[in-house]
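Please look over the chain shown here before reading on.

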Amino acid sequence: MREIYPVAPYPYTFGRYHEPIAQVKLNEMVVLYTEDCFEGRVQSEEDLPSVVAGKYLNPQTGPIYIEGAEPGDQLVVHIHDITLTRDWAVSAQIPFFGGLTATTLTATLQDPLPEKVWIYRKQADGRFAYSDRFSIAPAPFMGTIGTAPDLEALSALTPFMHGGNMDVPDVKAGNTVYLPVNVKGAYFSTGDCHVAQGEGEACGVALEISGKITLSFDLIKNRPISWPRIESPEEIMTVGSARPMEDAARIAYSELVKWLIQDFHFDKWDAYQLVSQAGKLYVGNMVDTYYSLVAKLSKEFLT
């Protein structure tokens, strides 16, 4: 099994302008190693991100050139395993960032929240704790995963049609992610591994950690999609990223309706009725440049 490591200086964007660090064949099993969102520089509660972490967040492992991928295809990403590669994780409160504070995009005259770092250490029972007050069970997933947009380069802090920083806990081992292919070779990247995260990622920083992810790739040829899709053994899911949040919800639900029509032969209005009565919706993140919402439907309705 081939191992692929991030190459410094790390890409902090999704785009077609970075030289691929590897070329991967379809169905080839590969292991990608990833840095945490701070590039591993925040290691103690005294290491304030504004001082030690640099200007950008979410270094990417990539881009990876996928052989045979052409614009208009779907890149099928099978996530076989996510392994945490250290015994501690970091979270932080960053000035002018997060869901419950003034930000550059939600500007007010309030002072920023104080900058603060929490270091969570792995316990004997496998959970992560920073004190004896509470501990968090690991539920690893990749915060960023995506392909290159057609023309522009987008920050690794931004979720959008290509995927990116969606912070969706269903991007986990055992699930399959479907991404639009916009450029030859797809230019796939991933990073921002999380030990765990609450829905919405309220303070803007999950339990950040380095990791390794075992993947294989496939293609659905000449079957374009506009937004990312996720499939678990039990559910199908679509992700919409926008501001305001209700537009992200509209994208996610409308893409779910389109998936039912295209692949499962539903009448349009029957599909709309079904997701209205049986669909689920949750917030991936409410903190980034765009918000990410996930619409999902049980596979019991697809037989």
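Buried means under 20% relative accessible area, exposed over 50%, and partly exposed in between, computed with a 1.4 Å probe on protein chains only. Helices (H or I, at least four residues) and strands (E, at least two) are DSSP runs numbered from the N terminus. The model is predicted, with local features needing pLDDT of at least 70 and side-chain atom pairs counting only at pLDDT 80 or more, while totals for chains, interfaces and linings use all residues. Residues are numbered from 1 along each chain as its sequence is written, and side-chain values use heavy atoms, without hydrogens and water.

Start with helix α3, residues 268–278, whose buried residues are Ala271, Leu274 and Val275. These residues lie on the same side of α3, because they cover an arc of only 90 degrees around the axis; the arc is that of the directions from the helix axis to the C-beta atoms. An α-helix has 3.6 residues a turn, so residues three or four places apart point the same way. The face of α3 turned away from the buried side carries the exposed residues Trp269, Tyr272 and Gln277.

What do the buried residues of α3 pack against? Their partners are α2 (245–264) and β21 (291–298), where contact means heavy atoms within 4.5 Å. The axes of α2 and α3 come within 9 Å and cross at roughly 130 degrees. Axes are lines fitted to C-alpha atoms, for helices over the stretch in contact, and angles run from 0 to 180 degrees between N-to-C directions. The two helices α2 and α3 are therefore oblique to each other; angles under 35 degrees count as roughly parallel, over 145 as roughly antiparallel, 65 to 115 as roughly perpendicular, and the rest as oblique. On the α2 side the contact is made by Tyr253, Leu256, Val257, Leu260 and Ile261, and on the α3 side by Lys268, Ala271, Tyr272, Leu274 and Val275.

Next, two residues in strands. Cys193 is in strand β16, residues 188–194, and counts as buried at 0% relative accessibility. Leaving aside residues up to four places away in sequence, Cys193 touches several others, including Thr34, Phe141 and Leu207. Ile66, in strand β5 (residues 60–66), is also buried, with a relative accessible area of 0%. Among the residues that Ile66 touches, beyond four places in sequence, are Val24, Leu75 and Phe217.

Arg86 is in the loop between β6 (74–84) and β7 (88–93). Is Arg86 buried or exposed? Its relative accessible area is 16%, so Arg86 is buried. The side chain of Arg86 reaches the backbone oxygen of Trp88 at 2.9 Å, and a polar atom of that side chain lies 3.3 Å from the backbone oxygen of Glu208.

Finally, the backbone. Most residues other than glycine have a negative phi, and most peptide bonds are trans. The peptide bond from Ala8 to Pro9 is cis, with omega near -5 degrees, and a cis bond also joins Gly62 and Pro63, with omega about -5 degrees. Pro63 lies in strand β5. Asp167 has a positive phi near 55 degrees and is buried at 1% relative accessibility. Asn222 has a positive phi near 50 degrees, and is exposed, with a relative accessible area of 66%.

Conventions:
Polar contact = N/O pair within 3.5 Å; in protein donor to acceptor, adjacent residues only side chain to side chain.
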